[in-house]
Amino acid sequence: MITLTDRQKMILKAIVRDYTSSGVPVGSKTLAAQLPMHVSSATVRNEMAALEELGLINKTHSSSGRIPSVKGYRYYVDHLVQPDPVKANDIDIIKSSLDGQFLKIDELIETSAQILSNLTSYTAFTLKPELQDSKLSGFRLVPLGKRQVMAVLVTDNGDAETQTFNLAPGVTGDQLEAVVRLINDQLVGKSLREVLQARQTKIPQEVTKYLQSPEGFLKIFGDVLTQAAQERYYVGGRLNLLNFSDSSDVDELKSLYTLMDRTDDMATVLGRPSDHIQVKIGSEMTNAILRDYSLITATYEVGDHGKGVIALLGPTRMPYSRMIGLVGTFRQELAKRLTDYYRYFDQ
């Protein structure tokens, strides 16, 4: 456990805030002019030497100034950071952007990632609320012609998942109607978790009463059901990574973008919902590709509909006070908007 004096804390805080704002190593004269008490440059240099010995700041080769180390950022985030008040203009942008007409919850979550990215100039992620506790409100098949059919699965939050398939030879419309009635009679009102279980156990036996070869239908039903139940995240500002990446290694950048396209890997990076805003810095993240980045994550809660996650990926040299303040306000506004959305569909 690192113990700092009040003056050392002030100096470390000033170094972090100056460097994250300007990107320029911070010198003793600059710090001496900023501190609330009168101290000489020599005193500041001595304190900086102590902070350097503790591994909280580093000296750069090109300057006599100092920059925070990953350890220094960690201490700052854990003990010194104070979220900045969010500007009224930013709050207006968040509210007006979230107040659009969204036909599906996915559209709202996807737009949220773009809004957060635009506000911060970083890469933003939004993860939908946990979906396996959503309930099935209806399943139907829509004929498209030429023996092509669309399967439509609707949940209680207004989401609709679709998948198109071709009817197997010999399958009649009456047989399919009977299967649809069976599913709606037995499964409507049950959580997607329960429906997934029934798809593996009970439903196959029931469907064989109407279809001699039910495998094709069961696969389509399983696919659209899995699609509805899976966790889904959206990315805003993918190209923003290029603005702050220190890497000129094309293969490394490709690996980073590939990571963002892998749902399971990215879900692991984002982690599970937590009640507090979390900051992971560099090697604290689960993937070595992110060693030069920081990730701020926050949970938004929508009552019985579960918890979702929003996150910001940026450089370790990000203005944590401002970003933490923005993320905190954004999750509150998103939760309000989603609560209104769900309330509409619960009526």
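Two strands pair if DSSP finds at least two bridges between them. Keep that in mind for the strands in this one. It is a predicted model.

Confidence comes before geometry. The protein chain averages a pLDDT of 85. At least 70 is reached by 94% of the residues. Among the elements, helix α4, residues 70-80, has the highest mean, 95. Helix α13, residues 263-270, has the lowest, 73.

Now the strands. β4 covers residues 136-145, and β5 covers residues 148-155. They pair in the antiparallel sense, over eight bridges. Together β4 and β5 form a hairpin. How many residues lie between them? Two. One detail in that turn: K146 has a positive phi of about 55°. G145 has its bridge partner in β5, and that partner is Q148.

β5 also pairs with β6, residues 160-166. Again the sense is antiparallel, here over seven bridges. On this side, V149 stands opposite F165 in β6.

On to the helices. Take α8, residues 192-200, and α10, residues 215-229. Their axes come within 10 Å and cross at roughly 155°. Angles over 145 degrees count as roughly antiparallel, so that crossing makes α8 roughly antiparallel to α10. The crossing is left-handed.

Which residues of α8 meet α10? L192, V195, L196 and R199. On the α10 side, the list is L218, K219, F221, G222, L225, T226, A228 and A229. By class, the contact of α8 with α10 has eight nonpolar residues, two polar and two charged.

That's the tour.

Definitions and conventions: Residues are numbered from 1 along each chain as its sequence is written. This is a predicted model: local features need pLDDT of at least 70, side-chain atom pairs count only at pLDDT 80 or more; totals for chains, interfaces and linings use all residues. Side-chain values use heavy atoms; hydrogens and water are left out. Axes are lines fitted to C-alpha atoms, for helices over the stretch in contact, and angles run from 0 to 180 degrees between N-to-C directions. Helices (H or I, at least four residues) and strands (E, at least two) are DSSP runs, numbered from the N terminus. Angles under 35 degrees count as roughly parallel, over 145 as roughly antiparallel, 65 to 115 as roughly perpendicular and the rest as oblique. A crossing is left-handed if the near helix is turned anticlockwise from the far one by less than a right angle, and right-handed if clockwise. Contact means heavy atoms within 4.5 Å. Ala, Val, Leu, Ile, Met, Phe, Trp, Tyr, Cys and Pro count as nonpolar, Asp, Glu, Lys and Arg as charged, and the others, Gly among them, as polar. pLDDT is the predictor's confidence in each residue, from 0 to 100.
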